[in-house]
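Biologist: Can you walk me through how you pick the labels for this one? I'd like to hear the cut-offs as we go.

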Amino acid sequence: MSSFFSRIFLLAASVTPALAFCGAHTHLDRRAEGEAVPVSTFGYTGTTGPVLWSQLDTANALCSTGTAQSPINMVEGQFTLIPASDTQLTLPDVPEGATFENLGSTVEVVMKGKGGTFVLEGKTFELEQFHFHHPSEHLNEGVSLPMEMHMVFSGEGGEIGVIGVYVDLIDVPVTLQLQILSRRAPSTLLETIFSSIGEIATPGTETTTKPLIMSELTDLLNAGSFQRYTGSLTTPPCSEGVAWSVSTQKIALSRTTYQAVRDVVGFNARYPQNALGQQNLLSLSTGTAAEVRLPTNATSVHGRRRF
């Protein structure tokens, strides 16, 4: 084993969950009043991408050694399904609008102090912010969706809880026998937020959204269930112990708005990790596992992977 990976394993034993989120530089990190929007130093391609996150900073050791890393393929056996009625989600409206920032790694709506809460397994979490990934980071039974929204909550003891919501696109209008068939409407909340996306096209910029009617999202999520599991942040430092609740409900976005968001956000999704409790994929790829056994039907290194 190389000296580099020896150091990584030693660091992994001492790493504790950081008060951060999947999309570092957040309002979980306290900023001075008037401080400029920080821009993330990690990325999703090349030498700053997920494969090399652990080499960007020694604090990121779990990115390559952790065995409960997110995102994952949401399939049976990887989560516990609980009805939303077993939780308590409160998302007050924000008539004054909220701060909307471009962190370089994602775009984020700051919700700290707005009164949003999530009661999960007897613990109360406060909504800090929500941000977006393109495409979805979690896979829905092997299928990637256009986007995913992550609502990040913090507990009094520093615990982190995240609600994941898949973002799908509305159906294209279909004309049949001179009649336009009805179609699902896009989310008013998302359309309102992203109407300001052009104002934060440059990393490090911010603006204020129009009034946000959060009841639409509350009603949607409370009508479904949550796929619960304990994983990690999906960005550096990849801290584990994160309480994930991926909704079975999907929120819709118009194709025109999606294209505008895609042009600003670009590609910002971490690749799916190994099944929970199994060897970290990066450890496997470097041969640091004691014994590596691949399934007989494993795809070759030259095979294509569909996202």
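Modeller: Let's start with Met 149, which, leaving aside neighbours within four places in sequence, is in contact with Phe 130, His 131, Phe 132, Ile 163, Gly 164, Val 165, Val 167, Leu 190 and Leu 217; contact means heavy atoms within 4.5 Å. This is a predicted model, where local features need pLDDT of at least 70, side-chain atom pairs count only at pLDDT 80 or more, and totals for chains, interfaces and linings use all residues. Residues are numbered from 1 along each chain as its sequence is written, and side-chain values use heavy atoms, without hydrogens and water.

Biologist: Why is Ser 245 called buried?

Modeller: Its relative accessible area is 0%, and buried means under 20% (exposed is over 50%, partly exposed in between; 1.4 Å probe, protein chains only). So Ser 245 counts as buried.

Biologist: What makes the pair of Phe 42 and Trp 53 edge-to-face?

Modeller: Rings of Phe, Tyr and Trp (its six-membered ring) pair if their centres lie within 6.5 Å; planes under 30 degrees apart are stacked, over 60 edge-to-face, the rest tilted. Phe 42 and Trp 53 sit 5.5 Å centre to centre with 80 degrees between the planes, so the pair is edge-to-face. Both residues are buried, too.

Biologist: And why is the pair of Phe 100 and Phe 194 called tilted?

Modeller: The centres are 6.4 Å apart and the planes make 50 degrees, so by that rule they pair, and the label is tilted. Ring pairs also link Phe 100, Phe 130, Phe 132 and Phe 194 into a cluster.
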